[in-house]
Amino acid sequence: MTSAETTERDFLAINDLSIGFRGRAGTMVPVLRNISLTVQKGESIGLVGESGSGKSTLALAMMGYLKTGLKVIEGSASFDGIEMFTQARKSLETIRGGRLALIPQNSGQSLTPTLRIGAQIAEALRLHSSLPETAHSARVTELLSQVRLPDPSTISERYPHELSGGQQQRVAIAMALAGEPEALLLDEPTTGLDVTTQAHILELLRDLARETGMAMVYVSHDLGAIARVCDRVIVMYAGEVVLEGSAKQVLRDPGHPYARGLLASIPQLKDTHLPRALDGRPPAPGQVGNGCAFVDRCVIATENCSAARPELTQGPSGAKTRCHHAERVNEIPLIGHREVSQRNLPETISLNLDDLAISYARPNLFEKLTGRENQATATVDAITIALRKGETLGLVGESGSGKSTILKSLAGLLPPLHGSVDVADGTPLPARVEDRSASQLRQIQMIFQNPDESLNPRQTIAQILAQPLKLYFGLSGEALNERSAQLLEQVRLGAHYLDRLPSQLSGGEKQRVAVARAFAAEPDLVLCDEITSALDVSVQAAVLELLDDLRRENDTSYVFVSHDLAVVRVLSDRVAVLYQGRLCEIGPTKDVYGETSHPYTEVLLGAVLEPDPDFSPTLSANDAVELSPPKAGCPFQRRCPKRIGDVCDTVIPPRRDFADGHTIWCHREDF
Amino acid sequence: MLAMLLRRLGLGAITVWLVSIIIFVGVEMLPGDTCTAFLEREAQGKLLENCREDLGLNRSALVRYADWAGSAVRGDLGVSANGQKQISELVGYRLRNTLLLASGAMLVGIPLALFLGVVAALWRDKLVDIVVSTTAIFAMTIPEFVSATLLILVFSVWLGWVPGIVLTSADAPLIEFFPEVLLPIAVLTLVMTAHILRTVRSSVIETLASDYAQMATLKGVPYWQIVFRHILPNALLPTINVVALTIAWLLGGVVVIETVFNYPGLGRMMIDSISDRDLPVTQAIALIIASVYVVVNLAADILTMLANPRLRTVHMRKG
């Protein structure tokens, strides 16, 4: 196909594009290698791959934009026949944000901190819409409510830092839609959003695409979202396309070993297996040999694979695949390898939370003196949970549900308003971390969401691990080294990692170090705060597997917080569902995820997306996220699809107990 | 916001108070006192006692501190040992002269530094940047007395455009300082511009690489609108504090420059008072300079707070 034909026929076209940077040796190191793809009007394609696969670079290239240091080695990118890389600045300015818009990754950092939300969206209107200036503020409000932001006129007056991550993300989406684009590039647009919000936004995008014939390029590692939105899926690995086909072909029976591994590493709601980790990591740019880029991680690789680079050819399923052994890929299993069985746990209590209430509002001196400090509405209230030894308790709920708040309080970082936390022998745990004894501190360890921020970048892994070992066990010298090496072995990293700095490790490796640091204290309880959500799915599976191994070896209890219900299901013995800091439901995992559940649990489960093109979520219409709990009655009253009447608004719902300690707080009687 | 402001004001007052104690104790610890310095070789016996009686130096240190600090709060800085003049009066003229010097340097230097810093950043690694940055490094690293001497050599000795030394007396009307004041202003401008422009340049470069600058480009915002709406308001925030420090440095009496040019400002007054062992004057000037630092930094903090929405509003994000 010549390029003249391409420009006539295709709306978005990438033609044999290679992008790279100049390496130390002076040669060009490719980040993208000979990519060709086309997107038609009204079509949605998904770009899938781990971080570093070049998918974001490709999306930016479609806008004719290269990050600093990157250069086009060969090939071209065009939009509606317009060659993007050779366009003059003026002409690019009219296309970008107008006919062709992007929703960026990291929306938090993509909004200008000194400009109000309304001004930033109005800027897009001013540049790219024919609306008169006077109509802008009404249109801004309309766009903000379209992306389901509560109270849009207030939001438009706010600055970016005054919004939560999910709200910033939705502002970025509204901003991209302001120019009424003909093509929309989405770079991980829903990562970090709550399941319900994500599902609603995806529906909105689907509808818009259908109504306006907007083309979409959806970059994500979330195959569930891809399955919901995309007609066609392209899987990228190490800067090249390894699999391309219809969503059905790619997601049902992926014809490439990498895509299969990726799919198998995703925890799914209906699957009780531990997802299968994809071992190894992708080659760094420039490190790809003459053969297949995936050869080192491939379980069906043969000698031929490292000798010759496979071409993209028609595979057995109809999708185009870059594999020498396309006919053998179905040897690679798609389901997890280890059944997470119902475990028999001892009755010994490891931690007892009794009527815990936590508030961020700090009473000032005046309120303390007048005794008004107790009137503050608690962020988290009435949490009574007894955690058994070795048990994993999953905490789920949308952002603002108080999951992390509870963890912070257990860690002693946020003293409760009232209520108590008792440890195994019934002694109360001091509320503040500074009042806790060394052994109490040792018993409870925490792992944070982002290992980049929780590991000191100036300390070597040895120093990081030595801290708890010295502090709690007084280890030094040879004993210290031996134990550190042993810990690294436990988290499947070798002792040779001891001398490295966190910056020399991948995201998954860093999180393993964070896990090792927590286990160095030989804790009874480990608090896990969204510890896999910053990781690629393949790495997430490995960390989940690791956590499962460690609790078997050490009999450790976990409190596992995540907004991903499928991930929570994989590990948890029991799950507690929280809304606005109040318990809605708690019980054994199979019961909470089963037939009988709280209306809120049903809403959450209904919004979970499966990596299956035929699956559609069940959404309730009034799913706007609320900013604060209602004054009286059931916390979920305003959003409940099964509301029975005034009683929901006025009376705190009674607890209803079912078998095996499964409890639901709801006024309904027909469970 | 208001509570924050009051707290900062209170902290500023406490700082000045602590500094006043340090100054007083420091002067106290020096061997001898105002009388021994004033009377020199005759400082003994009856004469010394009388002098101490007159100045109240025989009272306890605590009482004298209270007296000094109390009067200073009311604007009375005491009496100089040399010539028994009201220090407030002496200092008044010197402060005015230093202000003339400082405001001249500020009026030229700050806009120039902002402009050159932004230009150097926007045309990073281009010729204009290389010239500006290299000049800035020279201006910063060459000591002021060397650059001052060089300027005197060129502009007053060789070219004869302006006088190389200030001969106007401290209490002369401001207009009489022209054109003598121009060379000292030029030297100060050179140094402060270099300092500020380097901060501005690196701040703008950092902001240019930010995600929101990239986003603005991908939103199709024309280049100059990106610069003025998205880059500069964010990039200039961190420079406010550097500007404030420079201003404080200028107002604190630029000792070296004033000495080189024989300029009758606060800095030279302090040097003179030290060599004359005029302790009350030294004490007074040290207090004034400390207060200037506190006030200017406070102003910078308040300005940053007003300009930066992240500091202005309550942090609403929670876990």
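This dialogue goes through several features of a predicted model, taking chain B and then chain A.

Q: How many helices and strands are there in chain B?
A: Chain B has 15 helices and zero strands. Its C-alpha trace spans about 85 × 65 × 30 Å along the principal axes.

Q: What percentage of the residues of chain B count as buried?
A: The figure is 44% of the 319 residues of chain B. As for contacts in chain B between residues at least 6 apart in sequence, 72% of them join residues at least 24 apart.

Q: What describes two packed helices?
A: The angle between the axes and the distance between the axes describe such a pair. Take helix α5 (residues 87–122) of chain B and helix α14 (residues 279–307) of chain B: they pack at an angle of about 50°, and their axes are 11 Å apart.

Q: Is the crossing of α5(B) and α14(B) right-handed or left-handed?
A: The crossing of these two helices, α5(B) and α14(B), is right-handed.

Q: Which residues make the contact of α5(B) with α14(B)?
A: From α5(B) come I87(B), V91(B) and L95(B), and from α14(B) come P280(B), V281(B), A284(B), I285(B) and I288(B). By class, the residues of this contact are eight nonpolar, no polar and no charged.

Q: How is the pair α8(B) and α10(B) read?
A: The axes of helix α8 (residues 182–208) of chain B and helix α10 (residues 223–235) of chain B cross at roughly 135° and come within 9 Å. That angle makes α8(B) oblique to α10(B). The crossing in which α8(B) passes α10(B) is right-handed.

Q: Which residues make the contact of α8(B) with α10(B), and how do they divide into nonpolar, polar and charged?
A: α8(B) contributes S203(B), V204(B), T207(B) and L208(B), while α10(B) contributes H230(B), I231(B), L232(B), N234(B) and A235(B). Of the residues in the contact of α8(B) with α10(B), five are nonpolar, four are polar and none is charged.

Q: Where in chain B is there a cis peptide bond?
A: The bond joining F178(B) and P179(B) is cis, with omega of about 0°. P179(B) belongs to the loop between α7 (144–158) and α8 of chain B.

Q: Which loop holds R277(B), and what is its phi?
A: R277(B) sits in the loop between α13 (266–275) and α14 of chain B. Phi of R277(B) is near 50°, which is positive although the residue is not glycine.

Q: Where is D80(A), and what is its phi?
A: D80(A) is placed in the loop between β4 (70–79) and β5 (82–83) of chain A. This residue is not glycine either, and phi of D80(A) is near 50°, a positive value. At 33% relative accessibility, D80(A) is partly exposed.

Q: What span should the 13 residues of helix α18 of chain A have?
A: At 1.5 Å a residue, helix α18 (residues 461–473) of chain A should span 18 Å, and its end C-alpha atoms are 18 Å apart, so the two agree. Just after α18(A) comes G474(A), with a positive phi of about 60°.

Q: Which residues of α18(A) are buried, and what covers them?
A: The buried residues of α18(A) are I461(A), I464(A), L465(A), A466(A), P468(A) and L469(A). Their cover includes α19 (477–490) and α20 (507–520) of chain A.

Q: Is I117(A) buried or exposed?
A: I117(A) has a relative accessible area of 0% and is therefore buried. I117(A) lies in helix α5 (residues 117–128) of chain A. Not counting residues up to four places away in sequence, I117(A) touches L111(A), L144(A), I155(A), S156(A), R158(A), Y159(A), P160(A), L163(A) and V171(A).

Q: How is H136(A) classed, as buried or exposed?
A: H136(A) counts as buried, at 5% relative accessibility. H136(A) lies in helix α6 (residues 136–146) of chain A. With neighbours within four places in sequence left aside, H136(A) is in contact with A122(A), L125(A), R126(A), S129(A) and L131(A).

Conventions
Residues are numbered from 1 along each chain as its sequence is written. Chains are lettered from A and ligands numbered from 1 in the order in which they are written. This is a predicted model: local features need pLDDT of at least 70, side-chain atom pairs count only at pLDDT 80 or more; totals for chains, interfaces and linings use all residues. Side-chain values use heavy atoms; hydrogens and water are left out. Axes are lines fitted to C-alpha atoms, for helices over the stretch in contact, and angles run from 0 to 180 degrees between N-to-C directions. Helices (H or I, at least four residues) and strands (E, at least two) are DSSP runs, numbered from the N terminus. A crossing is left-handed if the near helix is turned anticlockwise from the far one by less than a right angle, and right-handed if clockwise. Contact means heavy atoms within 4.5 Å. Ala, Val, Leu, Ile, Met, Phe, Trp, Tyr, Cys and Pro count as nonpolar, Asp, Glu, Lys and Arg as charged, and the others, Gly among them, as polar. The expected span of a helix is 1.5 Å times one less than its number of residues. Buried means under 20% relative accessible area, exposed over 50%, partly exposed in between (1.4 Å probe, protein chains only). Angles under 35 degrees count as roughly parallel, over 145 as roughly antiparallel, 65 to 115 as roughly perpendicular and the rest as oblique.
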